[in-house]
Amino acid sequence: MHDVVIRGGLLVTPDGVLQADLTIEDGRIQAIAPELGASREVIDATGLHVFPGVVDAHVHFNEPGRTDWEGSGTGSRALAAGGGTAFVDMPLNSTPCTVNAQEFARKQTALAASSITDFALWGGLVPGNRDDLAALADAGAVGFKAFMADSGLPEFPRADDLTLFEGMTEAARLGLPVAVHAESQEITAALSARLLSGDGCGVRDVLASRPVIAEVEAIARATLLASETGARLHIVHVSSGRGVAVAAEARARGVDVTIETCPHYLCFTTEDVERIGVAAKCAPPIRDASERDALWRAVLDGTIDLIGSDHSPAPPERKRGGFARAWGGIAGVQATLAVLLECGHHARGLPLTRVASLLASRPAARFGLSRKGTVAVGMDADLALVALHETHVFDQFLHRHPMSPYLGMSCRGAVTLTIRRGETIFADGTITARTRGKLVTCTR
Ligand SMILES: NC(=O)N[C@H]1NC(=O)NC1=O
Ligand SMILES: [Zn+2]
């Protein structure tokens, strides 16, 4: 007898959407076939779509050290409520940052105690820690994250060009990707200083202080360094069509580069930021409709590889003091799948198999999470059951602070059940997890 059978669902597999039963044994998908036999637990998925659980490759759960901003307990619950089963935590905004093996172990212990989803960890690449990268790789880090512009937190200094060059050389030797926050320091720092010393501190002024060229220039430089060093490169949260184009041109020349964007760049425009305010402040900033539409074209034609939330909340006091001084970072970890279903599938015809690849199989494959991200026999039974045509209104979130630009938004596509390694961790609006998530190490 199997542990669990999911009956009659529409499975979103790499080969297409098929109606079939799915059995789970020891936390893995054991069989997929039209009709499978008896089991201890039956989940009726008639009329529901069965997606691979979201693998969010870009979150800041800030644990240890800054759990008043977020924590992996609250963050992972929000992720699970949105159909997520694993996340990859950034090396900041936890303190101390994950820049050596000791801090990696500390974060692993903290997350294993509080996260209800599985998790993997990014190491950080900062000036002076090149000799720590090998031990981070041995501990199971998926890669190394660097900021090309100020990170907003002094304890995670930005990587100058030499740090990037030497770090990428080492990352190439280790076979792991370097992820870059690609914005020009020269342009953004000078314009930010001019902004804060001047009179115009409105939303439009702040957005103009981080122009598209700052992103384009940094992406071009990062791809040049990756080409020179042979490093695998991942550009996080690309916010402009030209940014995507520059990365894609490098890929066409043979650079191993992947492109990530976030739901907020696909869902909102400058007008929305003016309407919503600080909840929609982030860096790089949300841009005008032409950039949003260019990003959608790149999602639809497959140029953009994957989508992460860049969930980066802060307590309410950090969101006060005017738009220019408020913390840049968006709380969105619970919304990703629903936003992609509403704005991508329903509104723009994005196939469900592509939703699954952007949110689960591509991030898992790129970052070496070998048993994650795909509805297929032998993979971890990480699944999200979705009522595709049911309208869901985001009226509350499970992350620590309620502020989010998605509050009040209505999406077709409601997550009814989330299963992590065979255990139902979210059902009908309630967290049901009994056990904790585990570290997933990168298979190099
Ligand atoms: N430190 C941090 O989380 N920064 C993030 N916030 C944001 O808006 N963009 C980022 O890179
Ligand atoms: Zn981030």
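These questions and answers concern a predicted model. Residues are numbered from 1 along each chain as its sequence is written, with chains lettered from A and ligands numbered from 1 in the order in which they are written. In this predicted model local features need pLDDT of at least 70 and side-chain atom pairs count only at pLDDT 80 or more, while totals for chains, interfaces and linings use all residues.

Trainee: Which residue does UniProt list for "modified residue: N6-carboxylysine"?

Mentor: The listing comes from an unreviewed UniProt entry. UniProt positions are given in the numbering used here, feature names are shortened, and annotations may be inferred rather than shown by experiment.

Trainee: Is Lys-145 buried or exposed?

Mentor: Lys-145 is found in strand E10 (residues 144–147). Helices (H or I, at least four residues) and strands (E, at least two) are DSSP runs, numbered from the N terminus. A residue is buried if 20 or more other C-beta atoms lie within 10 Å of its own, exposed if 12 or fewer, and partly exposed in between, with C-beta atoms placed from the backbone. Because 29 other C-beta atoms lie within 10 Å, Lys-145 is buried.

Trainee: Which residues is Lys-145 in contact with, leaving aside its neighbours within four places in sequence?

Mentor: Two residues are in contact if their C-beta atoms, placed from the backbone, lie within 7 Å. With neighbours within four places in sequence left aside, the contacts of Lys-145 are Met-90, Pro-91, Trp-122, Gly-124, Leu-125 and Ala-179.

Trainee: Is Gly-167 buried or exposed?

Mentor: Gly-167 has its place in helix H4 (residues 161–174). Not counting residues up to four places away in sequence, Gly-167 touches Leu-125, Arg-130, Leu-133, Phe-144, Ala-146, Ala-159 and Val-178. Since 24 other C-beta atoms lie within 10 Å, Gly-167 is buried.

Trainee: What is the order of the three strands in the open sheet?

Mentor: Strands of a sheet pair through backbone hydrogen bonds, either parallel or antiparallel. Two strands pair if DSSP finds at least two bridges between them. In this open sheet the pairing is parallel, and the order is E6-E7-E8.

Trainee: Which are the edge strands?

Mentor: An edge strand here pairs on one side only. The edge strands are strand E6 (54–59) and strand E8 (118–121).

Trainee: What is the bridge partner of Asp-56 in E7?

Mentor: E6 and strand E7 (residues 84–89) run parallel and are joined by four bridges. In E7, the partner of Asp-56 is Phe-87.

Trainee: What angle does the direction of helix H1 make with that of E7?

Mentor: Helix H1 (residues 72–81) packs on the sheet and touches E6, E7 and E8. Axes are lines fitted to C-alpha atoms, for helices over the stretch in contact, and angles run from 0 to 180 degrees between N-to-C directions. The angle is about 135°.

Trainee: How many residues of H1 are buried?

Mentor: Among the buried residues of H1 are Ser-72, Arg-77 and Ala-81. H1 is largely enclosed by the rest of the structure, because the buried count is ten of the ten.

Trainee: Is Arg-444 buried or exposed?

Mentor: Arg-444 lies in the segment after strand E18 (430–431). Leaving aside neighbours within four places in sequence, Arg-444 is in contact with Gly-175, Leu-176 and Gly-368. Because there are 11 C-beta neighbours inside 10 Å, Arg-444 counts as exposed.

Trainee: What separates the C-alpha atoms of Arg-444 and Ala-141?

Mentor: Arg-444 and Ala-141 are 303 residues apart along the chain. Their C-alpha atoms are separated by 10.0 Å.
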